Amino acid sequence: MDTPAAPAATPLLDARNLHKSYGDRSVLRGVDLSIRPGQVKAMLGPSGSGKSTTLRLINLLERADQGTIEIDGQRLGTVGGPGSERPAPERILAKQRQSVGMVFQQFNLFPHLNATRNVMSGLTTVQRVPHREAEERAVMMLERVGLGAHAGKYPSELSGGQQQRVAIARALVMEPKLMLFDEPTSALDPELVGEVLRVMEGLARDGMTMLVVTHETRFARRVADEVVLFDDGVIVEQQEPEGFFENPQSERTKEFLRHVH
Ligand SMILES: Nc1ncnc2c1ncn2[C@@H]1O[C@H](COP(=O)(O)OP(=O)(O)O)[C@@H](O)[C@H]1O
Ligand SMILES: [Mg+2]
């Protein structure tokens, strides 16, 4: 075993004071979230509390009304230095987006492409990696998520758990600095949840920095370094798992945990 690295001074993700409204509905009301390199954060919270919106802002699928997001010290969504910042053009956004991988509840695979083609599609279209090299990297990544034997299969020939592992491989093959998971097991039959969580646990063990929205409290407890509770557009509690589940500080967390247990 390697000795653990000294804690890095710069967070890998540093989101500050995020605000987002849809019409007159205020969905995020000042969210601060930072993750150190190699850290795993689990995000819990009731439906509608702003978890997915937070991930969509971090992945630049949407723009915050207010607040800043930095990945590895680089400000996302804008170009220009302090004082002369302006919204980044789509070309820059596309580049910045590549530092973040995202896995959704619905796997969003291309139905007309086999597993290998699904995994390599971003490499060839976005990163312009030559076909042959992209294919090799895709197959290697499928092996890493335990799907080496299924590389030629189409999504319709795979179980939900296998499809979600293809989606994870597709995100990983782009070599992101940060992986976002939005309820990755919520659409799965219960017997398929474990195989996806095991892949995620392996990633965490290998040092991937991860932000995971999940209802799997046992997973959060075992794998996360910190657990965050969202409620009504704000973070109401943030603690290491033992404290979060055994000794929550906020009344809101206590109430939330009474409902999930
Ligand atoms: N594109 C949108 N337009 C309008 N309202 C939205 C949109 N996206 C999300 N919302 C609203 O924002 C709130 C928070 O949503 P979301 O971030 O998806 O919550 P969570 O993931 O915690 O369930 C919800 O009330 C939802 O209806
Ligand atoms: Mg959601």
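Select strands β4 (residues 66–71) and β5 (74–75). The two run antiparallel and are joined by two bridges. Within this pairing, pick Ile-71; the bridge partner of Ile-71 in β5 is Gln-74. The model on screen is a predicted one.

**The sheet**

Together the four strands make an open sheet in the order β2-β1-β4-β5, with antiparallel pairing. Which strands lie at the edges? They are β2 and β5, and each of them pairs on one side only.

Move to β1, residues 13–22. On one side, β1 pairs with β2 in the antiparallel sense over eight bridges. β1 also pairs with β4, again in the antiparallel sense, over five bridges.

Ala-15 stands opposite Leu-33 in β2, and the bridge partner of Ala-15 in β4 is Ile-69.

Next, follow β1 into β2. These strands form a hairpin with two residues between them. Select Gly-23 in the turn, which has a positive phi of about 60°.

**Ligand 1**

Select ligand 1 and show the residues around it. They are Tyr-22, Arg-25, Val-27, Pro-46, Ser-47, Gly-48, Ser-49, Gly-50, Lys-51, Ser-52, Thr-53 and Arg-56. This shell divides into three nonpolar, six polar and three charged residues.

Colour the shell by element. β2 (25–35) and α1 (51–58) each supply at least two of its residues. Which element gives the most to the shell? That is α1, with four residues.

- From Ser-49, a polar backbone atom is 3.1 Å from an oxygen atom of the ligand.
- From Gly-50, a backbone N or O atom lies 3.0 Å from an oxygen atom of the ligand.
- From Ser-52, a polar side-chain atom lies 2.9 Å from an oxygen atom of the ligand.

Then switch to a surface view of the ligand. Taken alone, ligand 1 exposes 560 Å², and the protein buries 63% of that.

**The largest pocket**

Finally, look for empty space. Rolling a probe the size of a water molecule over the atoms shows where such space is left. The largest pocket holds about 580 Å³.

To find this pocket, select Val-100, Gly-122, Val-126, Arg-170 and Met-174, the residues of its lining that lie nearest its centre. The lining has 19 residues. By type, they divide into 10 nonpolar, seven polar and two charged.

Which elements each supply at least two residues of this lining? Select α2 (90–97), β8 (100–103), α3 (115–125) and α5 (160–172) to see them.

Notes: Residues are numbered from 1 along each chain as its sequence is written. Chains are lettered from A and ligands numbered from 1 in the order in which they are written. This is a predicted model: local features need pLDDT of at least 70, side-chain atom pairs count only at pLDDT 80 or more; totals for chains, interfaces and linings use all residues. Side-chain values use heavy atoms; hydrogens and water are left out. On a 1 Å grid over the protein atoms alone, a cavity is a set of points where a 1.4 Å probe fits but cannot get out, and a pocket is an open set with protein on both sides within 12 Å along at least five of seven lines; lining residues have an atom within 4 Å of a point. Grid points are joined across faces, edges and corners, and a volume is the space filled by probe spheres set on the points. Ala, Val, Leu, Ile, Met, Phe, Trp, Tyr, Cys and Pro count as nonpolar, Asp, Glu, Lys and Arg as charged, and the others, Gly among them, as polar. A residue is near a molecule or strand if one of its heavy atoms lies within 4 Å of it. A polar contact is a pair of N or O atoms within 3.5 Å; within protein, one must be able to donate a hydrogen and the other to accept it, and residues adjacent in sequence count only if both atoms are side-chain atoms. Accessible areas come from the Shrake-Rupley method with a 1.4 Å probe; for residues, only the protein chains shown count as cover. Two strands pair if DSSP finds at least two bridges between them.
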